[in-house]
Amino acid sequence: MPHGTKLENCGNMKTNTPPSSPDPHLDGDREEVIDIGDIEEVIELDDDTNLEEVAERLVGAGGGEEDESMEDGEAADVTDMAAVVFSKHKGSVFSCSVSSSGNLAATGGEDDLAYVWDANTGNVVFTCTGHKDSVTWVDFSQDGSLLATGDMSGFIQVWKISTSSKIWEFEIGDLSWLTWHHASHVLLVGTADGEMWMWLIPQGNARTFPSYGVASQCGALLPDGKRSVAGYEDGSVRVFDLKTGQLVQHFKDGQANTASIASIAVHKDNTLILAGSFNGTAKLYNANSGKLVGTLNCEITPNSEEDNEADHTVEAVSFCPLTPNIAATATLAGYVTFWDISSQVSRHVIAQGCGSSRLVWHPSEPILFSAGLNGAIHSYDAQSGEPLAKYTGHKDSILALSVTKDGSALVTASDDGTARVFKFL
């Protein structure tokens, strides 16, 4: 691939998704509650791999960080570095997930369909039909035996992989986020009307968490498996006890952000929460004490009038799982920043040249992958801040990104209507 100049800022994320459907009538029995008191914590550590070896593999597969994939928002000649291209969707592909074995991928798209397909060949295993709107969430359970699919209108289905069949469904209000518990078949979701739901699958035992009149924008499960956190449209952050359903922490007023929460992450120590917002800042909270720890300013001082109009939304935040004192943030303005958590000072600021939609970590090394709105995946060494590689092939924004458990491959979903698998040498 020829070397190129620094990428131009690609602007805001796409907003051409279909409008949300009106809230459907809620179904199901709210009285039959779930008891998750005996859920065990799951911790995964792997320190055997050498970082230099991994970096060499990444650079060899990615061809270096200098290469250019798209310029001025137009698809240029792009070298396709993907091992597998999945092109069954008609329209944008909004979501992707990879199974625990790494052999299966799932994608959801604008065509109201989700697919489960072979990550090695791209062949369809089965199609998830029945959705009423764009499928914006797909997620394999921790053991890879179940897949949850959710659409914008709030229709959620769960599929058993071994039989390629649907085993459960439910309809709520417009869906904002969805995630599995990391130690059990418990599904947790948040909605645009501010509610949070939790179900034991496939039994369907449910617990609902109260709505506070504002949309729940994003959410996550704390590593202890006993609490969840949600970020809201009014800039507040709430922590809930999953067993009792009670609100245990509420970061509001002077602690809350002045703009809507866009992204949220939890530290493996079960204490710190990082919440990115639409106003270019990310706030650190202590989930145990209920205190605001600090505010990270992710907005880079503009060098031109054009930069003044950039969108500094902190679209993605994440803690490094293997280097506990490092966190990362990424903005739609095109900056990836590595932070020292204890001092709340930036260690490295990277002008990526285009905004990011997602950040994910290599499972066994402090290497960060950034899903670029320029259609490329960028990887960085979290300790040095050095770019490692760039993976091209997409001709429009990457909207979702998932990494295999062994770190050997990435699965992406894009506005160009395709999903891709990138494998490392």
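**Strand pairing, burial and salt bridges in a predicted model**

Strand 32 and strand 33 (residues 409-414) pair in the antiparallel sense over five bridges, where two strands are taken to pair if DSSP finds at least two bridges between them, and where helices (H or I, at least four residues) and strands (E, at least two) are DSSP runs numbered from the N terminus. The model is predicted, so that local features need pLDDT of at least 70 and side-chain atom pairs count only at pLDDT 80 or more, whereas totals for chains, interfaces and linings use all residues. Residues are numbered from 1 along each chain as its sequence is written, and side-chain values use heavy atoms, with hydrogens and water left out.

Within this pair of strands, Val403 has Leu410 of strand 33 as its bridge partner. The hairpin of strand 32 and strand 33 has five residues between the strands, and Gly407 takes a positive phi near 75 degrees there. Because six of the six residues of strand 32 (residues 398-403) are buried, this strand is largely enclosed by the rest of the structure; buried denotes under 20% relative accessible area, exposed over 50%, and partly exposed the range in between (1.4 Å probe, protein chains only).

For the protein chain as a whole, two helices and 34 strands are found, and 58% of the 425 residues count as buried. The accessible surface of the protein chain comes to about 16,700 Å², of which 45% belongs to carbon and sulfur atoms, as computed by the Shrake-Rupley method with a 1.4 Å probe, only the protein chains shown counting as cover for residues. Among contacts (heavy atoms within 4.5 Å) between residues at least 6 apart in sequence, 50% join residues at least 24 apart.

An open sheet is formed by four strands in the order 12-13-14-15, with antiparallel pairing. Strand 12 (175-180) and strand 15 (205-209) stand at its edges, each having a single partner strand, so one side of each is left without a neighbour in the sheet. The twist from one strand to the next averages 15 degrees, with axes being lines fitted to C-alpha atoms, for helices over the stretch in contact, and angles running from 0 to 180 degrees between N-to-C directions. Inside this sheet, strand 13 (residues 186-191) and strand 14 (residues 196-200) run antiparallel and are joined by five bridges, and Val186 stands opposite Leu200 in strand 14.

Tyr232 lies in strand 17 (residues 227-232) and is buried, at 1% relative accessibility. Although 14 residues separate Tyr232 from Cys218 in sequence, their C-alpha atoms are 7.2 Å apart in space. When residues up to four places away in sequence are not counted, the residues that Tyr232 touches include Gly194, Tyr212, Arg238, Phe240 and Ile261.

A search of the whole structure finds five salt bridges, each defined as a side-chain nitrogen of Lys or Arg within 4 Å of a carboxyl oxygen of Asp or Glu. The side chains of Glu169 and Lys166 meet at 2.6 Å, N to O, with Glu169 partly exposed at 41% relative accessibility and Lys166 likewise partly exposed at 39%. In the salt bridge of Asp224 and Arg227, the N to O distance is 3.0 Å, and both residues are buried. Asp416 forms a salt bridge with Arg420, their closest N and O atoms being 3.9 Å apart; Asp416 is partly exposed, with a relative accessible area of 24%, whereas Arg420 is buried at 8%.
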